[in-house]
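Please keep the sequence and the model in view while reading.

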Amino acid sequence: MTSRYFANQPHQPRVRRAADATSIGIGLLLVSWTAINADSVAAVEAALIDLAGSVPLWFDQVYGVAYFLGLLLIVSLVVSVVAQGSKRLDLLRDMAFAIVVSIGIALVLVWMVKGTFPTILPEFTQGDAVYAFPILRVAVLTATVVVASPHLTRPVRRFGWSMIVIVAISGLGLGLGLPGDALGGFGLGLAVAGSILLLFGSPSGYPDPVAVTSALADFGLTVHGIEPTRDQSWGVRRLVGSLDDGTSVEIMAYGRDAMDSQFFARVWRTVWYREGGQTFSYNRLQAVEHEALAMLMARRHGVTAPDVLAVGVGGDDMALVATIGSGDEISEERITRGMLVAMWGEVALLHDAGIAHGALTHDVFGIVDGNPVLGDLTAASLSATDVRMNLDVVSLLYSTAVLVGSEAAVVAARSGIGDANLVAALPFLQPPALTRAQKQSVAKPKVLVGEIRDAVAEATDTELPEPGKLRRVEWKNLIMPALSLVAAYALIGMLTDIDFVAVWEVVEDATWAWIIVGFFVGQMAFVPEATGMLFATGYDLPLRPLVILQVSVKWIGLAIPSAAGRVTMNTLFLRKFGVSPTIALTQGALDGLAGFVVEAGVLLIAFVASDLSLDLDTKDINWQLFLLIVVLLIIGSAVAVLRVRRLRDLVVPALTEAWGLLWSILKDPKRTIGLLGSNFAARAILALTLWFILHAIGAPLSFVAALVATLATNLLAGLVPIPGGIGVAEAVLTSFLIVFGLSPEEAFATAVIFRIATFYIPAAEGFVAMKWLEKNGHL
């Protein structure tokens, strides 16, 4: 019975998941949003309230019973954990923290927003219910269910999530809160549970060997002596056993929740830490079927890979794939030159079949009858690009160099795959192309990489390109930005007649909690900026250094115009990952073009489809004359380009290249959507930061107005070649906020706070980020 409610065996090792950090972020955003609007009733909320009030009076009893079931579920979860005795004391601790902390924070929020305390147990309280933000039971139930979810089976988890929705609706029907109050309670519970799981970690979800034996029996496969191996990967348990005749069997077991509950964490660790080059599967059955198919395809093309014995979902409890054992481990003592050449021969056959391994090191090989066997195709790609195959070569070359030295590793690689394939992988032979585990395998990984590069160049008679050096920031480079800042602020004061005493009063009266929230929200913009660079290049690049690169660009922007600094930084960064010089130089143009399209498109839609207006007086403009001038300028420019050879040689190639770049994106809908979506997300996050700051100073505007002001500032400030848009951005943003109804003092204070939060503080962070990139060999 315990296995039907609890997914994992007790005392599992704990890990911190990216999904928990995401829960905290989403929860805080929900609480912030609903708290701001706690005193107002939106049209949707009013409709939901009318709907809840239109049901028959006897339905109040249904609401009461459903609301009580939420309390009963909390108590039942606690009792079931207590009944486990000492087996799940860690879960009992987590649930106790979740209940106490969510209740405490909810009471504080209710007092801050409503000036009173909520009805904690309405079932045992007489009198009318009082609206409260947030709804207490929704917050407590959410925190309890979420913090217990890693331990519970999927049916129990789904029941818990269903009860959260039911309790939220019941609280609305009983008059305990508005829809926004229920949403705020859900956000609070999500943030509290995420914080607890991030603090203590979540169970790894490894299946029990006894359950694995039973699951294999469902396939008619009797395996004895099953026990876990020393190497355990993220969310999957690796086990070994033997058949009746003594043949070794290797099993990859995905527990009921190992794949589903940790999918986002697998995505996070893959792109952030670049561990193993994971091939994403959306459920555990897909994962085991993918690995089995990769093994079968590899064997079909002559690769010595393990034979598949069983694959599928066994016992309605786990997905697994069982194969014949890949033999003994390859160690430094047992490896020979002949063995190395044979390993590279298997890699050549694998790549000839169009398959990339994805996690190719000497550890994935075993020895059977003196021959290497290529195993662990979990991350294999069956339609691999040249980039992934080159990364395979880099990974195995580095791994074998750790064992036998760079020269011996290069000699074996040349014999196994040939000079052409080795030279093709040479641009990728950089520290960022290695996994974290590989870097930690030696004391000085950068030195070893340099030795391997030199050995490859010497053996293949190939000249290594010299990496470019980033121009350092000197004091003289900061003089122009400083003077520009002083001049811009003086210009703003002259144009708008700002009273700086009044500005300071606006800053003093601001709600700094919202400003802090806005600052942390603004930090999230670096992530979509990094994903935009991913889609612009089309290369499989690790996300972590990409995000840090976006931060470092802010620091460079203090000294040189942001476009030039960004192009320089990006080119140096991408060359470290083997990206061709052409793509490294053009990705900035692609990203910039996508940003322009997003800004212009959103501004056009905002002014056409919404009631937003700049209130400009256009009565005296002669539009016929204006259009005539525009048409003449276009015709004159076209004639000049066609008739003047020097101008034609300059413009036509640039237009051709721009069209080629645009077409390279448009022909791939995934890249198009990803690039445009990333650019919009980055700008929307900055607009949300501005929206928080406007609320903080007591001059709230709609999110659309904040978005328009942000986009227009980016668009216009970018036209002036001043590093970082210093002074210009403040002036433009101030002007737009005044047009939207703010006083000059409020507009100026908002602009300065916004720029400090989104540029000047990140610029200071960028110095540290650039040092990190240099230290880790990314620049």
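**Salt bridges, cores and a sheet**

Five salt bridges are found when the whole structure is searched. The model is predicted. The points below begin with three of these pairs and then turn to other topics.

**Salt bridges**

- Asp 376 and Arg 238 form a salt bridge in which the closest N and O atoms are 3.4 Å apart. Asp 376 lies in the loop between β10 and α13, whereas Arg 238 belongs to strand β4, so the pair ties together parts that are 138 residues apart in sequence.
- Asp 376 is partly exposed, at 25% relative accessibility, while Arg 238 is buried, at 15%.
- Arg 93 pairs with Asp 94, with 3.0 Å between the closest N and O atoms. Arg 93 counts as partly exposed because its relative accessibility is 30%; Asp 94, at 0%, counts as buried.
- Arg 414 and Asp 419 form a salt bridge with their closest N and O atoms 2.7 Å apart. Asp 419 is partly exposed at 31%, and Arg 414 is partly exposed at 32%.

**Nonpolar cores**

- In soluble globular proteins, nonpolar side chains tend to be buried together.
- The largest nonpolar core contains 81 residues, and Trp 344, Phe 365, Leu 397, Ile 452 and Phe 573 have the most contacts inside it.
- Another core, of 47 residues, lies apart from this one; Ala 606, Leu 711, Phe 740 and Ala 751 are among its members.
- Leu 397 touches residues including Trp 344, Ala 409, Leu 422 and Ile 452, leaving aside residues up to four places away in sequence.

**An open sheet and a helix packed on it**

- Three strands, in the order β8-β9-β10, form an open sheet with antiparallel pairing.
- Strands β8 and β10 stand at the edges with a single partner strand each, so one side of each has no neighbour in the sheet.
- Two bridges join β8 to β9, and Glu 329 stands opposite Gly 366 in β9.
- Helix α12 (residues 337–352) packs on the sheet and touches β9 and β10; its direction makes about 35° with that of β10.

**Two further helices**

- Helix α9 (residues 209–218) has Pro 209, Val 212, Ala 215 and Leu 216 as its buried residues. Seen down the axis of α9, these residues fall within an arc of 115°, so they line one face of the helix.
- Just after α9, Gly 220 takes a positive phi of about 75°.
- Ser 406 is found in helix α14 (residues 406–417). Ser 406 counts as buried because its relative accessibility is 11%, under the 20% cut-off.

Note on methods. Residues are numbered from 1 along each chain as its sequence is written. This is a predicted model: local features need pLDDT of at least 70, side-chain atom pairs count only at pLDDT 80 or more; totals for chains, interfaces and linings use all residues. Side-chain values use heavy atoms; hydrogens and water are left out. A nonpolar core is a set of buried Ala, Val, Leu, Ile, Met, Phe, Trp, Tyr and Cys residues joined through side-chain atoms within 4.5 Å. Buried means under 20% relative accessible area, exposed over 50%, partly exposed in between (1.4 Å probe, protein chains only). Contact means heavy atoms within 4.5 Å. Helices (H or I, at least four residues) and strands (E, at least two) are DSSP runs, numbered from the N terminus. Two strands pair if DSSP finds at least two bridges between them. Axes are lines fitted to C-alpha atoms, for helices over the stretch in contact, and angles run from 0 to 180 degrees between N-to-C directions. The arc is that of the directions from the helix axis to the C-beta atoms. A salt bridge is a side-chain nitrogen of Lys or Arg within 4 Å of a carboxyl oxygen of Asp or Glu.
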